[in-house]
Amino acid sequence: MVALNRLTGHSPGFFSVYTLPPNQAVSVKAQRKINEARGQTPPRRRVAEIICRKTSQLLKDCDEEVCQTLSVARSGARLLTGDSTDTAQMPGGSVALVVTSPPFLDVVDYASDNWLRCWFMGIDAGSVKLTIPNKLADWERAMTALFRELCRVLRPGGHIAFEVGEVRGGKVKLEETVLPCGVEAGFTPLLVVINDQKFTKTANCWGVDNNFKGTNTNRIVVFQKRE
Ligand SMILES: C[S@@+](CC[C@H](N)C(=O)[O-])C[C@H]1O[C@@H](n2cnc3c(N)ncnc32)[C@H](O)[C@@H]1O
């Protein structure tokens, strides 16, 4: 996972020469243009060192107690890949907390943004089934199906933290759609946290600099499964 996160980026802490931040793999053609414009040639990198450095950065806040807790949790941990509306491997009522962030309609093209990671892993990006509806009504149906599955796996009283953003230039506030989906599936909404952010380097790379385009604020809707 650390290697996947280090494939491409804008500093020597990544495997690549200077490019966009790691969540946006540019095409080969676009990268050649960046290399030409900056007069850069990809250098050889010490990949193992980069992975070790990043790993120790990620673990620096873990004291002995946290490490011990993690090592106990590890024995019961399961990593699944697949459609989140079909998690038959997880027994019903077995989960205390779900933290999730679904696609915000079709505003991000996950297949092309992840072509390099998929290539690295030997996965055909086009073969991955994604839920990226263009219409709000289709998104609402897909999210209600997801909430039903989350209701199955969560124990009574269990919680969901469901992150969404505002899209379509701020005209569509997805939390307004999510709230009734959760209620219909058996959850009580507890609160909505709104994060209204200042622009980051990543936002500027996307050409978002006017607090108008893209996703400028995001919200976490917290639900509890009814007893
Ligand atoms: C808003 S992003 C959240 C990314 C996440 N926070 C992360 O750091 O990886 C939405 C994610 O949902 C994934 N996705 C799309 N359709 C899905 C589905 N049917 N089941 C599970 N995940 C899906 C996308 O590939 C994308 O990674």
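A charge sits over a ring if NZ of Lys or CZ of Arg is within 6 Å of the ring centre and within 35 degrees of the ring normal. In this predicted model, local features need pLDDT of at least 70 and side-chain atom pairs count only at pLDDT 80 or more, whereas totals for chains, interfaces and linings use all residues. Residues are numbered from 1 along each chain as its sequence is written, and side-chain values use heavy atoms, with hydrogens and water left out.

| Charged residue | Ring | Distance to ring centre |
|---|---|---|
| Arg6 | Phe14 | 4.1 Å |
| Arg38 | Tyr18 | 3.5 Å |

A pair of aromatic rings is described by the distance of the centres and the angle of the planes. Rings of Phe, Tyr and Trp (its six-membered ring) pair if their centres lie within 6.5 Å; planes under 30 degrees apart count as stacked, over 60 as edge-to-face and the rest as tilted. The whole structure contains 4 aromatic pairs. One of them, Phe147 with Phe162, is stacked, with 4.8 Å from centre to centre and 20 degrees between the planes. Phe147 belongs to helix H7 (residues 136–153) and Phe162 to strand E2 (residues 154–167), so this pair ties together parts that are 15 residues apart in sequence. Helices (H or I, at least four residues) and strands (E, at least two) are DSSP runs, numbered from the N terminus.

How are the rings of Phe147 and Phe223 arranged? Their centres are 5.1 Å apart and their planes stand at 70 degrees, so the pair is edge-to-face. Ring pairs join Phe147, Phe162, Phe187 and Phe223 into a cluster.
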